[in-house]
Amino acid sequence: MSLTLRAKRSGRVDRTKPLSFTFDGKTYRGFEGDTLASALLANGVHLMGRSFKYHRPRGVITAGSDEPNALVSVGSGARHTPNLRAPQVELYDGLVAKSQNAWPSLSFDVGAINNFLSPLFVAGFYYKTFMWPNVAWKKLYEPIIRRAAGLGTASSEPDPDHYSTRFAHCDVLVVGSGPAGLSAALSAARTGARVILCDEQAEFGGSLLSELHATVDGKPAAQWVEEAVAELKALAGTVTLLPRTQAFGYFAQNFLGLVERVTDHLATPDPKLPRDRLWQVRAKEVVIAAGAHERPMVFPDNDRPGIMLADAARTYANRYGVRPGGRAVVATAHDSAYQAALDLKAAGVSIELIADLRKEANGPLPMAARAAGIRVETGMAITGSTGRLRVNAALVSKLGTDGEEAIPCDLILMCGGWTPSVHLFSQSRGKLVFDDARQVFIPGESAQAERSAGACKGSETLAQAFEDGFAAGLDAAAKAGCAQGKATQVKLAGVLDAHGGFLGAVPHPHDAGRVKAFVDYQNDVTAKDIKLATREGMRSIEHVKRYTTTGMATDQGKLSNMNALAIAAEALGKPIPAVGLTTFRQPYTPISFGAMANHSRGDLFDPVRKTATHAWAEAQGAVFEDVGLWKRAWYFPHAGEDMHAAVLRECKTVRDSAGVFDASTLGKIEVVGPDAAEFMNILYTNPWSKLEVGRCRYGLMLNEAGFVMDDGVVGRIAEDRFHVTTTTGGAPRVLNHMEDYLQTEFPNLKVALTSTTEQYSVVAVQGPNARKIIAPLIDGIDISNEAMPHMSVRLGKICGVPTRLFRMSFTGELGFEVNVPADYGQAIWEAIWAEAQKYEACAYGTETMHVLRAEKGYIIVGQETDGTVTPNDLGLDWAIGKAKPDFVGKRSLTRPDLVKADRKQLVGLLTVEPQTVLEEGAQITLIGNPPAGTSALGHVTSSYQSAVLGRSFALAIVSAGRARMGETLYVPMPDGPIAVTVTDPVFYDKEGAKLHV
Amino acid sequence: MRFSFLNLAKQALSAHRHWPEQWRFPEPKAAYDAIIIGAGGHGLGTAYYLAKEHGLRNIAVLEKGWLGGGNTGRNTTIIRSNYLWEESQGLYEHSVKLWENLSSELNYNVMYSPRGVMMLAHTVHDIQVFKRHVHANRLQGIDNEWLTPEEAKEFCPILNISPNMRYPILGAALQRRGGTARHDAVAWGYARAASAMGVDIIQNCEVKGIRRDPSGAVTGVETTKGFIGTKKIGVVAAGHTSVVMGMADVRMPLESYPLQALVSEPIKPIMPCVVMSNTIHAYMSQSDKGELVIGAGTDAYTSYSQTGGLHITTHTLDAICELFPNVRRLRMLRNWGGIVDVTPDRSPILSKTPVKGLYVNCGWGTGGFKATPGSANVFAHTIAKDEPHPINAAFTIDRFKTGRLIDEAAAAAVAH
């Protein structure tokens, strides 16, 4: 293969290991250690993308994660991943990359017509048109805009990869592994501190990896890095090294989110490995050493392929051994571009000119460039470029003159200066300050236990970065309580300091209203767009951002924000800090949804709670429903039965003989202590003081507003001990509610609350034969009707296992609920089942339970109630302890609206046509065909076919329902009204005789 | 200058040099007939309707920061009216009807896009609740229809309806007239139109106190730009309403929480509608720019910090990835927070107050954007006539005393 675009020096790329990859279907060669961007540049490919709005041809401009232009899609099929930055994509053999946002091809893109329409498509143009007629926006304009917008495409297939997460604690987290970060990690680690060092790049070393001439303590910079990393690696017990790991978010209490890219760089990753890993790190102290971003220069046509940041080009040459061009023009306002020019010259690039915007450039680097024979012009601006898919000339002009010189070239290097990366600092809620002299925002006062070091702090020289780093590492370790470390210094040689910088648009002799000088490359925001925005009254930088979309692209303004701010400030005639900054939000660079969701998928999305009889029910062919986290047996169909048939059979069997039901999911709370009864008096409407030990009561819980919140049967186990049951879904809410009151309102009460939901398995045996079924299994409890009446609880044994045996009923039949330690749940269930079979009893599920309780008019909280229903609405006034001085919700019950005569009340409904089953949720009206806008009287809350009634029936909440007994109302449905008769809500055994047998 | 394609083309000829400011930047006058505190969508809209429908043009909107900078500019832009209670239906449907014509009314393209809002049911309980909504809406003439899982997938092809999901989709309620709009444009559109009618919008002007006469009636506001007299004050300060109302000694039944949202990097269109799942806490749409716009939950504790916990975001994205497994490789571009003011019944307060001349519009919780035009319209009526419009008559502060709550959250059994 041709090595013509490879520099003599191979940099950190291994030229003995060639790799093959494709870009837009064409095969190219690269080497191990290349990124997609460096390999494409080595193959002479600059055109890597198209811009968002105008579809302008774009080349790679950076060498890092702040790349706005060279976004590509990598992989195919289910692993197709859009919008990756080419300088961040590590090359592997067989890599398949495609360009985006171009049709039919990257070099000929029809969408580029937008570029010709650009005089119309200025900032905010879409707010000013596309308004007529009203419907055309959705039907016509928006679809066109949507198709044109967007960058890459999403795969249509589910992602086959998996993701992981780890929680970690450390003394010192160091973000960034350039000179400052490595020094900080070293000095902290040497004190014995537990250190985590992360860097978004594949290799540690940061800018040191691109240093050709610098020596540290007499060693080449790269060797110093190698030794530093080796030293850290040797401390594997206390130091965790995380390359390819982006610290993306800084949250409260020194909690940081990191994402580690584990396999994206591998051709054939071990399928056991996660693709990304989310690290959730709680650090005692943090050192931010995030470096700085080189700024583009805003000049007309500053976006052609072949125009790139100077230091990025230097990185490609030094680190990857690539010559990004043959003849280069350098446009700068900062000394660092001179170093780039010198290094590129050494790599074989002809430097035609360095045009420095500054009046003078007499630092050591400009002097060195002149000494190397490079043409250096000061007071000279770059004012344009020519070329189509690649730049072919740079236009330059002396400041204050109209003359423009065209200098043929295939590469323009630009450097407007450096912007400290203050993102994480700002996310930590630290306040930024504007350094007027250097025109940069730098970290001010810290809000959390962190400090910045190196370029992100505004330090400009390599020596300062090392000094910052070592000091920051020592300080962090000491503050984290580790040993005092020794101050370290390094001796630097071969480095020339660089200073300078320029913000805003470069002056040029063209009509500013006609040229395009890009500020935000990806979103095609130009200097004139920003001026237009300020002209239109967008005076806050937030308005400028939102109106022009500057800073809203996938680099989130890393390259553009400071230039945009300066242009806006100038247009408004205000100092930069007065215009303000937009908020730095996480993530620092985009992170995959997969990493965020990590293990929480499929069955692990939420814990699956199963009762002890789950496997048994499954074997019986039960169908399950989700209730909260629980899987509950819904019904047990026999062969050939649908749900309807199964439920009718189950209902009939329970009423004729008996049924066995797993009630384990109901919440259970043990309320214990000398003040337990008093506490219960406050939390529930019912009176508890006089409830005898061994007896149960239906408990009703209200919220403060007086509405029913939960219910359940409560047994008094001892003077100071209640066994409270709650609804299945309400269990956590009720416990929280109880704890809330106990801890904040009644801390004087001596009560302890324990959730025992999962400690007990509960087998409900319901039906006329219930007693006969359990009798042979029970030890030490007289379960006769006389000795153990309805609503009582006894302690004893079943099959030798301790039990809390409740006599209670949610079906209207004689019933027992056997509470046993959950480990015995299945065994006891099977023992009961064996007895039950002797009476041809059945196992039944939640649906049958719902029907049977509805026949008795028993409510289900959440079905008959919706947070707006009072005890009186439900006919449950009997459950209120009238003599009690107080309980939660009591005061609210007397509010005017809660005692109104027309409140919705629980009633029964019978359809005039007995086989019609109403739809739950259907509305109830006075007339059959109400006009739109008619108020409903109420709605159907529960509706079933009843085996015992031989017809359908329903429960409903109806305005003044109890006064409407016998009245005919209507349920209007799309295919016509259904006439219903209002009845009492109790349809079965109104006297309750069956409960007391 | 009118916004139109013709004017856009004309201005293009002169490089857009002659577009005027969209709103004026006046200094405050000594006194106004009415003052609105808070230049979000609801506040600016209130001023617009006061000027347009009630002829009150000597009015000002005071804004602590930049207009549209609160929840108006940081929400997920969902619009729908398929609420359960008739009071809510009336208010939100009034709003949807105004949305339908808002771009032409304001001469500002607010990009109202009725793409359909689909709410997913994952449990038997969800089905009962959503069908109740469907029936209740039909009775009021509000579109809302029940879809099978297959029909839901047809409407949103990337939806996962596999029965093997942890919480399989059992159906969905779809409001076709629901959709999205461009949030900033709503604030800007109202601001431009109101300013053109003479409303003074005063940015960077923080209210520090409310002055009252011995009878208790308001007489003006103390601000960072001095005292401004007025007899009518409408407070529309979202998460900071309690603070402002405290200046008039009115204690509000509000709690403020950070609510988060996020967007993905832009991609080509994959999402034709809005999908919401209350049960597993996820909602998503796609912006015209191509970003997936995703709503997350509120933090569990009250705060005025416009950011939230990481676990809230991860929990939202795991739900999103379950519903749409093909987006798992996409990436989060930006995650932010806003402060939402929540009432005990999760419905807003649009009401007179115990203080004469003081009116309040707040408590929108997580869902205020959709109501912007309707809320502003009836709040303007309330201020101008000193009595509520029939549509907001039920949304009083008093209801927390009388018990006449409008509890949508309890009805939907969701936390937000």
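Are Arg58(A) and Asp303(A) buried or exposed? Both residues are buried. Please keep in mind, as we walk through this structure, that the model is predicted.

**Salt bridges in chain A**

The side chains of Arg58(A) and Asp303(A) meet in a salt bridge, with 2.9 Å from N to O. Arg58(A) sits in strand E4 (residues 57-59) of chain A, while Asp303(A) belongs to the loop between strand E16 (292-294) and strand E17 (307-309) of chain A, so this pair ties together parts that lie 245 residues apart in sequence. The two residues also belong to a network of salt bridges, which links Arg56(A), Arg58(A), Asp301(A), Asp303(A), Arg304(A) and Asp524(A). Over all chains, the structure holds 80 salt bridges.

Another place to look is Arg146(A), which has salt bridges to Glu142(A) and to Asp288(B). In the pairing with Asp288(B), the closest N and O atoms are 2.9 Å apart. Here Arg146(A) lies in helix H3 of chain A and Asp288(B) in the loop between strand E15 (282-286) and strand E16 (292-298) of chain B, so the pair joins two chains.

How buried are these partners? Glu142(A) has a relative accessible area of 2% and is buried. Arg146(A) is buried as well, at 7%. Asp288(B), with 15%, also counts as buried because the cut-off for that class is under 20%.

**A buried leucine in chain B**

Staying with chain B, strand E13 (residues 255-264) contains Leu259(B). The relative accessibility of Leu259(B) is 14%, so this residue counts as buried. Which residues are in contact with Leu259(B), leaving aside its neighbours within four places in sequence? They are Ala296(B), Gly297(B), Thr298(B), Trp336(B), Gly337(B), Gly338(B), Val340(B) and Thr366(B). The C-alpha atoms of Leu259(B) and Ser303(B) are separated by 10.0 Å, and these two residues are 44 residues apart along the chain.

**Domains and cavities**

The domain assignment of chain A includes domain 2 (165-292 + 420-485), domain 4 (517-586) and domain 5 (900-996). Taken over C-alpha atoms, the centres of domain 3 and domain 5 of chain A are 82 Å apart.

The structure holds 7 cavities of 30 Å³ or more.

| Cavity | Volume | Lining residues | Lining by class |
|---|---|---|---|
| Largest cavity | about 140 Å³ | 13 residues | 7 nonpolar, 5 polar, 1 charged |
| Second largest cavity | about 120 Å³ | 16 residues | 7 nonpolar, 6 polar, 3 charged |

Nearest the centre of the largest cavity are the lining residues Thr419(A), Pro420(A), Asn561(A), Met562(A) and Phe584(A). Strand E25 (418-420), strand E27 (440-443) and helix H13 (561-572) of chain A each give at least two residues to this lining. Domain 2 and domain 4 of chain A each contribute at least three residues to the lining of the largest cavity.

For the second largest cavity, the lining residues nearest the centre are Thr611(A), Thr613(A), Arg632(A), Ala633(A) and Asp662(A). Helix H16 (614-619), strand E34 (630-635) and strand E35 (659-662) of chain A each supply at least two lining residues. The largest share, 3 residues, comes from E34(A).

Technical notes:
Residues numbered from 1 in each chain as written. Chains lettered and ligands numbered in written order. Predicted model: local features only at pLDDT ≥ 70, side-chain atom pairs only at ≥ 80, totals over all residues. Heavy atoms only, no water. Helix = DSSP H or I, 4+ residues; strand = E, 2+ residues; numbered from the N terminus. Buried < 20%, exposed > 50% of the residue type's maximum accessible area, 1.4 Å probe, protein only. Contact = heavy atoms within 4.5 Å. Salt bridge = Lys/Arg side-chain N within 4 Å of Asp/Glu carboxyl O. Domains from an automatic or database assignment. 1 Å grid on protein atoms, 1.4 Å probe; cavity = no way out; pocket = protein on both sides within 12 Å on 5 of 7 lines; lining within 4 Å. Points joined across faces, edges and corners; volume = space filled by probe spheres on them. Nonpolar A, V, L, I, M, F, W, Y, C, P; charged D, E, K, R; others polar.
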